[in-house]
Amino acid sequence: MQTEPTTTLDALRDGTTSLGIELGSTRIKAVLVDDDGTPIASGNAAWENELRDGFWTYSLDAVHEGLQRAYASLADDCERQWGARPERIGAIGVSGMMHGYLAFDADGELLVPFRTWRNATTARAAELLTAELGVRMPLRWSASHLLQAVLDDEEHVGRLAAITTLAGYVHRLLGGAPVLGPDDASGMFPLAPSGTEYDAELLTAFDALAARHGAQGLRIADLLPRVRTAGDDAGSLSEAGARLLDATGGLQAGAALCPPEGDAGTGMVATGALAPGTGNVSVGTSIFAMVVLDAVPTGEPLDADIVATPGGKPSAMVHCDNGTAELGAWAGLFGQFAVAAGVTLAPDEVFAAMLGGSAGGSADELVAYGFISGEHAIHLPQGRPLVARRAGADLTLAGFAKAQLLGAFGALRLGMQQLTDTGVRLDELVAHGGVFRTPGAAQPLLAATLDTPVRVTPSAGEGGAWGMALLARYRLDRIRGDERALEDWLLDRGGIDPGTVEQPDARLVEECAAYHERWQAALPLARLAPDVLA
């Protein structure tokens with residue numbers, strides 16, 4: 001339902017709106033919502049990582065500039081729709097790519113360039129930590145980056161005063177306290193079963209391991225942000241933070257800040273997948289699936305990352321470094337072809353034309369690997385995108401697009417199968433990401449690939465920033481005295497459209513299984529490619 005203009009103008013004037021900002025891999029997105037959690041304006045800014053000195057990174061200048069461009073885009077949209085720009089905002093929340101490593105000294109100066117989740121340079125540290133702590137420690141987690149810096153005897157370790165994530169860094173820029181929500185915090189270091197603090201026993205074990213490798217006196221607990229659950233106080237927007245967002249000076253300070261979160265957590269909120277047995281899958285530059293657990297299993301560790309919901313409940317995360325970026329590159333090529341043929345198409349129109357018939361196409365003679373970077377899920381240290389087909393096989397647009405989509409889901413399928421084989425309950429997945437804006441394409445293929453019902457909501461294309469806006473809205477309601485748990489609040493106030501559910505089609509399930517069998521059998525091609533395409 002369209003918000004009434006007078007109601008929106010009142011919200012803009014009275015400062016009862018909430019703002020969510022998400023710093024993704026290729027776009028910084030911002031969404032402004034009203035008192036009901038309904039989006040009333042949005043904006044975005046494109047940006048790209050760069051490979052510098054062997055590390056995937058974004059400069060801090062790019063962070064600052066991207067934030068301003070995304071907010072300016074939102075303010076322009078607000079003025080275009082409602083005739084007014086935001087001057088006061090009730091609450092703000094920041095989300096970002098999880099994990100990675102931002103290291104600062106006592107003066108707040110960055111010690112080494114930001115090391116993002118994409119870096120696979122921490123294999124030795126992750127292996128040592130997994131063995132020492134007795135829990136799975138992924139390569140991309142902040143603790144793995146820190147220990148790898150110790151192992152490599154990096155000079156900056158001796159000057160460390162704090163480490164954080166991208167969301168945590170931006171939150172501090174806006175005036176927030178040195179805190180993280182449970183989801184983002186759990187991508188830095190394992191949490192205790194309560195989901196409200198780090199595991200004290202494992203913190204001690206980390207320090208002992210670091211000391212044995214030359215970092216005597218290092219105390220990781222002193223470096224990590226504190227954990228705060230959804231709705232908790234996380235500071236307020238400062239004057240400097242307001243000027244950082246709005247270079248025109250129109251935005252006033254004082255907005256409440258909610259705990260910053262990771263992009264997995266905002267996906268859970270945007271899809272309403274916060275109860276045990278539910279899950280969501282985010283398909284973008286990377287792909288990750290989250291399944292909320294009844295409890296952390298005892299005994300043999302799950303072959304998945306144990307993280308947390310924004311409310312602190314345990315979740316199993318299957319993370320794949322590569323998603324649909326290669327599909328986007330092909331869409332860009334087809335867009336160029338359209339221009340050369342005298343037709344100009346918007347990006348969504350290109351995707352619609354490319355993917356529209358994919359579910360009915362045949363990928364029997366094709367395999368596709370969209371490995372732009374290495375893929376930890378299959379122990380692939382480097383990536384090279386590939387498409388291969390049998391000699392003489394027909395090459396159709398529908399079959400090509402289908403092979404690209406199924407190839408993008410390959411590593412996810414392996415991870416999810418390992419998860420369900422251990423008895424983890426999964427009733428339904430809610431999918432989000434730009435690829436789901438093309439109806440009837442990715443959704444049925446994902447349902448068939450995972451043999452699980454897949455729901456897609458109208459917010460599928462912009463779920464993360466909206467999910468963060470809802471967390472900011474929740475913080476504002478908590479200030480007003482609302483004590484409901486996040487899950488209950490979302491059911492009553494979140495405005496989540498139930499969307500449509502795609503049940504696995506038996507014929508398509510069989511076809512997808514056959515494709516992925518060929519995909520796995522041909523993986524030696526992907527492993528060889530970095531050696532011959534250096």
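Helices (H or I, at least four residues) and strands (E, at least two) are DSSP runs, numbered from the N terminus. The model is predicted: local features need pLDDT of at least 70, side-chain atom pairs count only at pLDDT 80 or more, and totals for chains, interfaces and linings use all residues. Residues are numbered from 1 along each chain as its sequence is written, and side-chain values use heavy atoms, with hydrogens and water left out.

**Exercise 1. Describe helix α15 and the residue after it.**

Step 1. Locate the helix: α15 covers residues 442-450.
Step 2. Check burial, where buried means under 20% relative accessible area, exposed over 50% and partly exposed in between (1.4 Å probe, protein chains only). Nine of the nine residues in α15 are buried. Among them are Gln443, Pro444 and Thr449.
Step 3. Asp451 follows α15 and has a positive phi, near 50°.

**Exercise 2. Work out how α12 packs against α11 and α13.**

Step 1. Recall the description. Two packed helices are described by the angle between their axes and the distance between the axes. Axes are lines fitted to C-alpha atoms, for helices over the stretch in contact, and angles run from 0 to 180 degrees between N-to-C directions.
Step 2. Take α12 (residues 347-355) with α13 (residues 397-408): their axes come within 8 Å and cross at roughly 105°. This makes α12 roughly perpendicular to α13. Angles under 35 degrees count as roughly parallel, over 145 as roughly antiparallel, 65 to 115 as roughly perpendicular and the rest as oblique.
Step 3. List the contacts (heavy atoms within 4.5 Å). From α12, Ala353, Met354 and Leu355 meet Leu397, Phe400, Ala401 and Leu405 of α13. This contact has seven nonpolar, no polar and no charged residues. Here Ala, Val, Leu, Ile, Met, Phe, Trp, Tyr, Cys and Pro count as nonpolar, Asp, Glu, Lys and Arg as charged, and the others, Gly among them, as polar.
Step 4. Turn to α11 (residues 325-340). The axes of α11 and α12 come within 9 Å and cross at roughly 105°, which makes α11 roughly perpendicular to α12. On the α11 side, the contact residues include Trp330 and Phe334; on the α12 side, they include Val350 and Phe351.

**Exercise 3. Trace the open sheet of seven strands.**

Step 1. Write the order: β15-β16-β14-β13-β19-β20-β21, with mixed pairing. Two strands pair if DSSP finds at least two bridges between them.
Step 2. Find the edges. β15 (305-308) and β21 (500-502) each have a single partner strand, so one side of each lacks a neighbour in the sheet. On average, neighbouring strands are turned by 30° against each other, direction ignored.
Step 3. Inspect one pair. β20 (residues 454-456) pairs with β21 in the antiparallel sense over three bridges. Val456 has Thr500 in β21 as its bridge partner.
Step 4. α14 (residues 410-421) lies across β13, β14, β16 and β19, running at about 150° to β16.

**Exercise 4. Account for Cys258 and Cys320.**

Step 1. Search for disulfides, pairs of cysteine sulfur atoms within 2.5 Å. The whole structure has zero.
Step 2. Take Cys258. Its nearest cysteine sulfur, that of Cys78, is 19 Å away. Cys258 is buried, at 1% relative accessible area.
Step 3. Take Cys320. Its sulfur is 16 Å from the closest cysteine sulfur, in Cys512, too far for a bond. Cys320 is buried, with a relative accessible area of 1%.
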